[in-house]
Amino acid sequence: MDAALKKIIEQVKSFAPAADFAKIEAAYDFAKKAHAGQKRFSGEPYFVHPVAATLNLLTLHPDDDTIIACLLHDVIEDTETDLAAIEEKFGSTVASLCLDMEKLGTVRYQGQERQIENLRKMFVAMARDIRVIFIKLADRLHNMETIEHVRPDKQKRIAKETLEVYAPIAARLGLFEFKARLEDLAFKTLHPEEFAKIQKSLAGSAIGRKNFIETTKKKLQTILAEAGITAEVTGRTKHLYSIWRKLELKHYASIDEIYDLFALRVIVDSTEKCYAALGTIHNHFTPLSNRFKDFIAVPKPNGYQSLHTTVIGLNRDSPTEIQIRTHAMHEQAERGAAAHFVYSERKQSVTAEESKLKWIRGLVELHESMQDNSEFISSLSNDIFEDRIFVLTPRGDVFDLPAGATPIDFAYVVHTEIGHHCIGAKINGKIAKLDAELKNGEVVEIITRKDAKPNRFWLSFAKTTSAKSKIRAYFASLGRNENVALGKDLINKKLARLGKAQLDADFSILKNYKKQNLSKRDREALLERIGNGSVSSSAVVKDLLELDEFAVKKSQKKPVASLQAEHKKDEILIEGVNGIATKLAKCCTPKPGDEIVAVMSRAGATIHRRDCKQIVRTADERKLRAQFASDVKSHLVKIEVTAKNRVGMLHDIAGAIAEMQVNIADLSLKTSDKHEIIHELTIEVEDLEQLEKLLGQLERISGITRAVRI
Ligand code: MN
């Protein structure tokens with residue numbers, strides 16, 4: 001048996017004696033075979049890497065699947081091995097962990113500050129299972145440990161990414177050991193001189209002096225032993241990066257002023273002993289009163305428990321920080337989220353979904369415990385709950401979009417020009433429709449063409465306001481000539497529909513618009529405004545021809561009367577119910593205009609006013625929403641749209657109607673001669689104005705010859 005495998009098995013045995021060692025060994029052999037012949041930048045066999053990553057991971061006491069997935073984590077990406085083979089051999093959990101690892105590999109920091117926040121969010125959102133993050137952190141830790149073999153420019157990028165993305169995630173999961181190691185390695189890579197300087201001055205300080213920690217430890221141990229308390233005392237210096245940060249932020253002039261450079265930790269058997277130890281320490285040394293914290297009585301929201309105190313006199317010239325805790329509390333503190341999630345999952349198998357829920361809950365808890373930069377977690381959990389998605393460019397840049405966003409939204413969020421010249425999209429390498437719904441983690445490539453232009457129809461499915469407004473802005477800024485031509489076309493369609501002659505070369509009939517005696521130039525300006533949508537062609541034609549058909553009489557301002565409703569005036573509409581006997585309650589005598597509710601019984605529905613006292617105690621499931629038909633604000637109207645028969649026409653029509661937030665209640669198609677299709681639609685509009693606007697919009701769609709109310 002390989003020495004490395006032996007080491008892995010021994011370590012797993014120490015925390016999980018009942019683990020499936022045969023399976024772990026099989027995974028080891030499988031990965032070794034798959035990576036055979038491959039080399040790391042260092043020249044070592046590649047397989048050294050997954051083994052080292054797994055040893056890092058084992059400090060978190062992971063479950064079998066996580067250990068196996070970690071051994072296999074680079075197998076899919078770097079070798080020919082098929083995911084199906086992994087699934088067959090090691091099960092679907094291991095396969096999906098491996099797949100997510102590969103996906104996360106595409107998330108890359110490209111050196112743009114504004115992306116850091118998104119990267120962190122994406123990283124977390126994409127890992128469907130928190131165990132993937134544990135593997136990823138263990139993987140990154142080993143990559144950082146061997147970073148000197150990587151090309152220098154790549155070193156910087158990876159180190160920066162480690163510092164900005166990986167270390168904060170480790171911290172937020174409570175994996176402080178991982179965080180410290182990641183930060184120090186990144187610090188060393190990014191600022192080698194500073195790193196050496198701090199290392200040197202630490203060695204020169206009292207704390208760094210040989211045996212200092214040892215003697216202090218012994219002193220404390222003796223005092224506790226005299227009081228009859230058996231304790232394990234450890235001491236450690238703060239990691240270099242955090243010292244450097246403190247100096248950088250100018251909170252301290254020199255390293256000697258940082259008195260929590262090192263911390264002593266006292267670990268005892270029980271909670272009572274914690275307080276006993278605290279009492280003993282305070283008897284010997286003077287505590288700084290504002291530095292004492294009892295996280296045993298009041299644990300941090302993430303479950304962290306310990307007593308923290310800072311005393312004077314233990315170290316000759318500066319205060320010393322001491323943490324006191326039990327072994328169980330220590331375990332929790334050291335392994336953070338891993339202790340929370342993975343360890344408890346060992347006892348019962350949990351589905352990925354459940355573990356994700358737990359993990360989100362854990363994040364929310366962590367959020368409460370983090371005072372600084374708490375925004376991250378809160379925005380993160382909001383995003384998870386509010387359905388944001390994270391989508392990648394083929395280069396690995398991450399973009400954050402609302403759920404339901406389409407390639408068009410993506411194109412515009414990448415760059416306005418990419419949106420404007422978009423002709424197609426590929427999702428995960430496959431050609432996709434521009435209105436396809438994007439999903440978390442998809443890699444989207446936008447295909448552009450130099451001479452391509454935006455399409456008005458995009459407005460009907462673009463999801464983000466920014467994409468919509470950019471598309472609108474494009475059309476608003478279209479060349480004057482194009483708008484004039486479009487305006488001319490719209491007016492001509494209207495005129496044709498009324499059996500009138502088309503515009504002549506001078507647009508003479510426009511002269512009398514609003515009786516202003518417009519010059520030719522003004523007439524052109526009017527057409528331009530019609531073309532860009534700021535003036536409605538119907539309004540212009542209506543004004544010019546003083547047509548009754550379009551006239552909205554003063555008395556019709558209230559649309560209820562003009563668009564005669566399908567229902568009788570005193571009819572009552574009940575949500576989800578048709579043709580049921582209704583009667584008005586005598587107690588509150590509701591009348592049109594009142595807010596009402598239907599109370600259902602076997603005999604039918606009784607209509608009460610919503611504020612009626614008689615129904616306060618009535619069970620909610622017997623109450624249905626109701627409305628007098630005469631109070632209903634929308635009206636069903638039939639329209640007829642005549643259009644050339646072309647692919648996508650119906651889609652375009654429905655899109656334009658949806659864009660105006662109008663419902664389609666019914667639709668039928670008839671073919672007419674001349675390759676035309678007549679669409680008969682029943683739509684729900686609020687008033688005449690909306691109807692007119694809608695008909696105008698429909699006529700703008702290319703291929704539509706006529707859109708009228710019937
Ligand atoms: Mn790796």
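This is a predicted model: local features need pLDDT of at least 70, side-chain atom pairs count only at pLDDT 80 or more; totals for chains, interfaces and linings use all residues.
F47 is buried, at 9% relative accessibility.

**Aromatic pairs**

The count of aromatic pairs comes to seven. One of them joins Y28 and F47 in an edge-to-face arrangement, with 4.9 Å centre to centre and 75° between the planes. Y28 belongs to helix 2 (residues 21-34), while F47 sits in the loop between helix 2 and helix 3 (48-58), so the pair ties together parts that are 19 residues apart in sequence. Y28 has 3% relative accessibility and therefore counts as buried, because the cut-off for buried is under 20% relative accessible area.

F187 and F195 also form an edge-to-face pair, at 5.5 Å centre to centre and with 65° between the planes. F187 is buried, with 0% relative accessibility. F195 is buried as well, its relative accessible area being 10%. Ring pairs link F187 and F195 with Y241 and W244 into a cluster.

**Charges over rings**

Two arginine–tyrosine contacts are listed below, with the distance to the ring centre.

| Charged residue | Ring | Distance to ring centre |
|---|---|---|
| R40 | Y46 | 5.7 Å |
| R140 | Y166 | 4.1 Å |

In the R40 contact, the charged end of the residue sits over the ring of Y46. R140 lies over the face of Y166.

Technical notes:
Residues are numbered from 1 along each chain as its sequence is written. Side-chain values use heavy atoms; hydrogens and water are left out. Rings of Phe, Tyr and Trp (its six-membered ring) pair if their centres lie within 6.5 Å; planes under 30 degrees apart count as stacked, over 60 as edge-to-face and the rest as tilted. Helices (H or I, at least four residues) and strands (E, at least two) are DSSP runs, numbered from the N terminus. Buried means under 20% relative accessible area, exposed over 50%, partly exposed in between (1.4 Å probe, protein chains only). A charge sits over a ring if NZ of Lys or CZ of Arg is within 6 Å of the ring centre and within 35 degrees of the ring normal.
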